[in-house]
Amino acid sequence: MLKKRIIPCLDVKEGRVVKGVQFVSLRDAGDPVELATFYNEQGADELVFLDISATVEGRDTMEDVVRQTASTLSIPFTVGGGIRTLEDMKRMLRAGADKVSLNSAALQNPSIIKEGADYFGSQCIVVAIDAKWSAEEDTWMIYTHGGRNRFERSAIEWAQQVAALGAGELLVTSMDGDGKKTGFDIALMTALRKVVNIPLIASGGAGNAEHFYEVFTEADADAALAASIFHYKETSVQQVKDYLRNQGVAIR
Amino acid sequence: MKIGIIDYGMGNLFSVEQAVKRLGVDVVTSSDATELQMADALILPGVGAFEDAIKCLDRSGLCQLINDVAVSDKPLLGICLGMQLLFESSEENGQHKGLGILKGHIKKFSSIQYRIPHMGWNNLHFPQPESWLTAAQKTDGHVYFVHSYYASQYDEQQLSAYAQYADQVVPAIVHKDNVTGMQFHPEKSGECGMALLEGWLNTVQVKEQTT
């Protein structure tokens, strides 16, 4: 039986993990490879690295991070942030990433999804969608630039389009829930589940283990991603998985 | 002992290479048939489309090498698309002929009961006892799959492990004499994946000692 996945997300800037990770057990909490290893040992099913570097040097450093992670760990991981061209995808996949995640580049040029899927296979192409509820539109709209700019497009329609273009998976972040720790956006995930048949990763809003249970059982998400609750040790990957297992959710 | 990884321009070889190295074994990654022939065993990896892969292999004379190895006693391991290529044919984007080393055909998942691709961690079932799988059976038994096509009409005798995906039996490990295929990615499958790779490498070592 296929298992629900728990995915810690690491924000990496110029080769260092940001968002102040608080782990006493780590020698260097800013080292992405060391943190990746730590999460692997806790039972993380997959990892996402989000590169938020502002410089070319920073992006080159990300390639080293990917290479080192792939040399050290034997679990799958995705790299997102700053991936705009086929060449960018090639660099990260050759360095050992299993998937690349496209966000604003795909919005500006949707054909990049198809190009990537044709060249590397759909399983390598994740499309990240940042969505926020709009009362006046009566649907979820897409946001870019960390939620600052609204893109005039419904997230539901966009999800259908990217699935048709060959995306292998969607990473959906609720901008309403992000950082609030009040739970994943069940309504958004349920609406997406009805229109696409590719795997869905829920993101934004994780505050405790019950939230993971809700998104898996109520919205049938395939995976759930969280950053701060793991980084700040409010709970651990292991605790979340133990809880889910006790509740009868299929977990590795 | 040296393992040859067949590089035919498809997919990510780095992770496979690193996983084998982590197990303390020398690796040569090459597209050159002569160089690959020197290795004690070969790994055929692969990510991407079936037709492209067969064309790339054919163009570089590697189909011949793989067919020669299959009838010798040198171990050969196909991973993911590399396993699918070992079969007779695939229906991925039209009908395409495979290497025909194993009996069976590659079909697309087609059901509304499950999502495609079959992506994520699934647990293995082992229908028959095989000594090289013992170490893997002692782990949590989960491996990482990502694929939209699966092997069908295969020889049941050659099925070493399978996974269950909704109502579909997914052949996960196939094994015939010196030829092995793994549909999942052992190099990305944590403890169980490493145990399977190690189990396979041990069979290479045993072969080496007896020849």
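Asn93(B) sits in the loop between β5 (89-90) and β6 (96-97) of chain B (helices, H or I with at least four residues, and strands, E with at least two, are DSSP runs numbered from the N terminus). Its phi is near 50°, a positive value in a residue other than glycine. At 58% relative accessibility, Asn93(B) counts as exposed (buried is under 20% relative accessible area, exposed is over 50%, and partly exposed is in between, with a 1.4 Å probe and protein chains only).

A quick word on ground rules. This is a predicted model, where local features need pLDDT of at least 70 and side-chain atom pairs count only at pLDDT 80 or more, while totals for chains, interfaces and linings use all residues. Residues are numbered from 1 along each chain as its sequence is written, chains are lettered from A and ligands numbered from 1 in the order in which they are written, and side-chain values use heavy atoms, with hydrogens and water left out.

- You'll find Glu14(A) in the loop between β1 and β2 (16-17) of chain A, and at 33% relative accessibility it counts as partly exposed.
- Over in chain B, a cis peptide bond joins Ile116(B) and Pro117(B), with omega about 0°.
- Pro117(B) belongs to the loop between β7 and β8 of chain B.

**Salt bridges**

- Side chains of opposite charge can pair when their charged atoms come close.
- The count comes to 26 salt bridges over all chains (a side-chain nitrogen of Lys or Arg within 4 Å of a carboxyl oxygen of Asp or Glu).
- One of them pairs Arg5(A) with Glu169(A), and their closest N and O atoms are 2.7 Å apart.
- That pair ties together distant parts of the chain: Arg5(A) is in strand β1 (residues 5-13) of chain A and Glu169(A) in strand β9 (residues 169-174) of chain A, 164 residues apart.
- Both Arg5(A) and Glu169(A) are buried.
- The closest N and O atoms of Arg67(A) and Asp64(A) are 3.4 Å apart.
- Arg67(A) is partly exposed at 31% relative accessible area, and Asp64(A) is partly exposed at 38%.

**A bridge across chains**

- Asp220(A) forms a salt bridge with Arg115(B), their closest N and O atoms being 3.2 Å apart.
- Asp220(A) is in the loop between α8 (209-217) and β11 (223-226) of chain A and Arg115(B) is in the loop between β7 (105-108) and β8 (118-123) of chain B, so this pair joins two chains.
- Asp220(A) is partly exposed, with a relative accessible area of 32%, whereas Arg115(B) counts as buried at 14% relative accessibility.
- Both belong to a salt-bridge network that links Lys4(A), Arg193(A), Asp220(A), Asp222(A) and Arg115(B).

**The cavity**

- The structure holds 1 cavity of 30 Å³ or more (on a 1 Å grid over the protein atoms alone, a set of points where a 1.4 Å probe fits but cannot get out; lining residues have an atom within 4 Å of a point).
- The largest cavity has a volume of about 40 Å³ (the space filled by probe spheres set on the points, which are joined across faces, edges and corners).
- Of its 11 lining residues, those closest to the centre are Asn12(B), Pro45(B), Gly46(B), Val47(B) and His185(B).
- The lining divides into 6 nonpolar, 4 polar and 1 charged (Ala, Val, Leu, Ile, Met, Phe, Trp, Tyr, Cys and Pro are nonpolar, Asp, Glu, Lys and Arg are charged, and the others, Gly among them, are polar).

**Histidine partners in chain B**

- His185(B) has a side-chain polar contact of 2.8 Å with Glu187(B) (a pair of N or O atoms within 3.5 Å; within protein, one must be able to donate a hydrogen and the other to accept it, and residues adjacent in sequence count only if both atoms are side-chain atoms).
- Glu187(B) is in the loop between β13 (179-182) and α7 (190-210) of chain B.
- Glu187(B) is buried yet has no salt bridge, and the nearest side chain of opposite charge, Lys188(B), is 6.9 Å away (Lys and Arg count as positive and Asp and Glu as negative; His and the chain ends are not counted).
- Thr180(B) is in strand β13 of chain B and is buried, with a relative accessible area of 1%.
- The side chains of Thr180(B) and His175(B) make a polar contact of 2.9 Å.

Definitions and conventions. On a 1 Å grid over the protein atoms alone, a cavity is a set of points where a 1.4 Å probe fits but cannot get out, and a pocket is an open set with protein on both sides within 12 Å along at least five of seven lines; lining residues have an atom within 4 Å of a point.
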